Amino acid sequence: MSDNKTKNCRTCYSDIPSPASKCKECGSYQDWRRFLPDWINIVALIVAALALLTSLLGHGRVAVETISEHWSGTNFDLNASVVELGRDTSTFAVSNVSNRNAVVTSVQCGLYLPIDPEALFEKTFTEQGQEQLQWGETAGMFLVSLDPDDPIFVPAGEQALITFTTRHISPAFGADRFSAERKADDLVSSYCIVSGVRGNNEQVGGIVLLSLSNIRDLDALDLLQNADYSESQEPEREALIGRIRNVRSEIE
């Protein structure tokens with residue numbers, strides 16, 4: 001080790017500076033992005049686009065449909081609905097609506113969780129009647145990665161009930177992580193992307209927009225305490241935890 005603070009790369013174990021988020025030797029990420037296969041980085045861009053469209057337009061379902069149509073019309077062949085969404089495990093009903101078999105491999109969710117859980121009962125409605133939170137009511141957006149214990153085979157035209165285990169929770173993304181300015185009254189919607197593969201390693205996926213009832217069992221404080229904050233990000237985590245506790249104590 002050198003006099004400067006260093007750490008071992010999580011992939012190749014080379015010495016790299018402690019604050020580094022990417023290894024200069026092997027190019028692997030050291031933060032939450034290391035859990036995402038390369039093609040999921042593309043999905044992450046879709047997540048960001050969906051978040052932006054939802055906040056600007058206030059029409060989450062339209063955003064989902066638009067992205068679904070333009071990302072890959074032939075590969076968006078997995079439909080999903082939430083049976084249960086929890087911190088450690090979640091269950092989805094996944095349908096393969098194509099005429100080809102598929103294997104479901106993972107789920108990535110973008111979750112906007114309220115600072116005050118009671119906000120879930122004070123619903124904000126869009127013109128379509130879809131309840132949504134306002135950005136200012138949330139602790140930010142968590143990216144949560146989930147995998148089944150083993151890849152799940154779903155035959156063409158059939159449905160499977162799949163339980164996923166949470167593998168990773170990202171730090172809460174604040175307003176500075178989005179390309180467009182966030183306003184307190186912007187409407188936001190949580191969502192999940194189901195992904196898989198079929199013949200010739202062809203990627204297949206689908207998006208489900210979550211209702212507030214889907215996220216009622218999730219607590220922003222709980223996710224914050226289990227999120228993958230680096231040592232340099234700990235002050236950010238503690239500040240957000242303090243803010244949430246202060247708001248909740250004032251309400252009580």
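Let's start with a pairing: strand β5 joins strand β8 (residues 138–147) through seven bridges, in the antiparallel sense. Strands here are DSSP runs (E, at least two residues), numbered from the N terminus, and two of them pair if DSSP finds at least two bridges between them. One spot to look at is Tyr112, which sits opposite Met141 in β8.

Before going further, keep in mind that this is a predicted model, where local features need pLDDT of at least 70, side-chain atom pairs count only at pLDDT 80 or more, and totals for chains, interfaces and linings use all residues. Residues are numbered from 1 along each chain as its sequence is written, and side-chain values use heavy atoms, with hydrogens and water left out.

Back to β5, which covers residues 102–114. Of its 13 residues, 11 are buried, meaning under 20% relative accessible area (1.4 Å probe, protein chains only). Strand β12 (residues 191–198) runs antiparallel to β5, with seven bridges between them. Strand β9 (residues 152–154) is also antiparallel to β5, and three bridges join the two. Val103 turns up in both pairings: Phe153 stands opposite it in β9, and Val197 is its bridge partner in β12.

Now for the sulfurs. The whole structure holds one disulfide, a term that means two cysteine sulfur atoms within 2.5 Å. Cys109 and Cys192 form it, with an S to S distance of 2.0 Å. Cys109 belongs to β5 and Cys192 to β12, so the pair ties together parts 83 residues apart in sequence. The torsion about the S-S bond is about 100 degrees, so this disulfide is right-handed. Cys109 is buried at 1% relative accessible area, and Cys192 is buried at 0%.

Key. Buried < 20%, exposed > 50% of the residue type's maximum accessible area, 1.4 Å probe, protein only. Helix = DSSP H or I, 4+ residues; strand = E, 2+ residues; numbered from the N terminus.
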